[in-house]
Amino acid sequence: MFAYYEFVVTAIILVHCCETYLNLRQRRKLQETDASPILLENGLTSKEEFVKSQVYGLEKLNFALFRDVINTAEQLAFITFGYGWFWHFATSFVVHRYVQSLIFMLAFFFV
């Protein structure tokens, strides 16, 4: 039998690790404060605007890294505990399988 739970948890963690790796690479690039000479020579940006843009991008990325950790933890907690609780809640009212499924979907939808 296929282990669905382990597959889903592994997939969530793997996606999180890949996204974090890419964000950390981008973070390293945003920490550079030397503007490209092409940008400065052509008047596309000034040194001050470039530094402000880099600082803003770095802060935005730092927040995104924090947010992604929280979202991943929330997903894992809900998969581990939430679905089971909602199903137990739905089955505590009625015996009929279709009504249980309907209660499960409604409870899941409104929470």
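Me: In which helix does Gln100 lie?
Reply: This is a predicted model. The chain holds four helices and zero strands. Gln100 sits in one of the helices, namely α4.

Me: Is Gln100 buried or exposed?
Reply: Buried means under 20% relative accessible area. Gln100 has a relative accessible area of 6%. That value falls under the cut-off, so Gln100 is buried.

Me: Leaving aside neighbours within four places in sequence, which residues is Gln100 in contact with?
Reply: Contact here means heavy atoms within 4.5 Å. Neighbours of Gln100 within four places in sequence are left aside. The residues that remain in contact with Gln100 are Trp87, Ala90, Thr91, Val94 and Val95.

Me: What pattern does the protein chain follow along the sequence?
Reply: The chain has zero strands. Its helices number four. Read along the sequence, the pattern is α-α-α-α.

Me: What is the radius of gyration of the protein chain, and is the chain compact or spread out against the globule rule?
Reply: For 111 residues the globule rule gives 13 Å. The radius of gyration is well over that, so the chain is more spread out than a compact globule. The C-alpha atoms fill a box of roughly 75 × 30 × 20 Å along the principal axes. The radius of gyration is 23 Å.

Me: What percentage of the residues of the protein chain count as buried?
Reply: The chain exposes about 9000 Å². Carbon and sulfur atoms supply 68% of that area. Of the 111 residues, the buried share is 20%.

Me: What share of the contacts with a separation of 6 or more comes from residues 24 or more positions apart?
Reply: The count takes contacts in the protein chain with a separation of 6 or more. Within that set, residues 24 or more positions apart account for 51%.

Me: How far apart are the C-alpha atoms of Leu24 and Asn62?
Reply: Leu24 lies in helix α1, residues 4–30. At 43% relative accessibility, Leu24 counts as partly exposed. Asn62 is 38 residues away from Leu24 along the chain. Their C-alpha atoms are separated by 9.2 Å.

Me: Which residue forms a salt bridge with Asp68?
Reply: The salt bridge count comes to two. In one of them, the closest N and O atoms are 3.8 Å apart.

Me: What is the N to O distance in the salt bridge of Glu32 and Lys29?
Reply: Glu32 is partly exposed, with a relative accessible area of 38%. Lys29 is also partly exposed, at 49%. Their side chains meet in a salt bridge. The N to O distance is 3.4 Å.

Me: Which residues form a nonpolar patch on the surface?
Reply: One of the members is Phe109, placed in helix α4, residues 97–110. Exposed means over 50% relative accessible area, so Phe109 at 64% counts as exposed. Together the patch has about 590 Å² of accessible area. Its residues are Leu102, Met105, Leu106, Phe109 and Phe110.

Me: In which helix is confidence lowest?
Reply: The mean pLDDT of the chain is 87, and 98% of its residues reach 70 or more. Confidence is highest in α1, at 95. Where pLDDT is low, the predicted coordinates should not be read in detail. Confidence is lowest, at a mean of 76, in helix α2.

Notes:
Residues numbered from 1 in each chain as written. Predicted model: local features only at pLDDT ≥ 70, side-chain atom pairs only at ≥ 80, totals over all residues. Heavy atoms only, no water. Patch = residues over 30% accessible without salt bridge, like charges linked within 9 Å, V, L, I, M, F, W, Y side chains within 5 Å. Areas by Shrake-Rupley, 256 points an atom, 1.4 Å probe, with all protein chains shown as cover. Salt bridge = Lys/Arg side-chain N within 4 Å of Asp/Glu carboxyl O. Helix = DSSP H or I, 4+ residues; strand = E, 2+ residues; numbered from the N terminus. Buried < 20%, exposed > 50% of the residue type's maximum accessible area, 1.4 Å probe, protein only. Rg over C-alpha atoms; globule rule 2.2 N^0.38 Å. pLDDT = per-residue confidence, 0-100.
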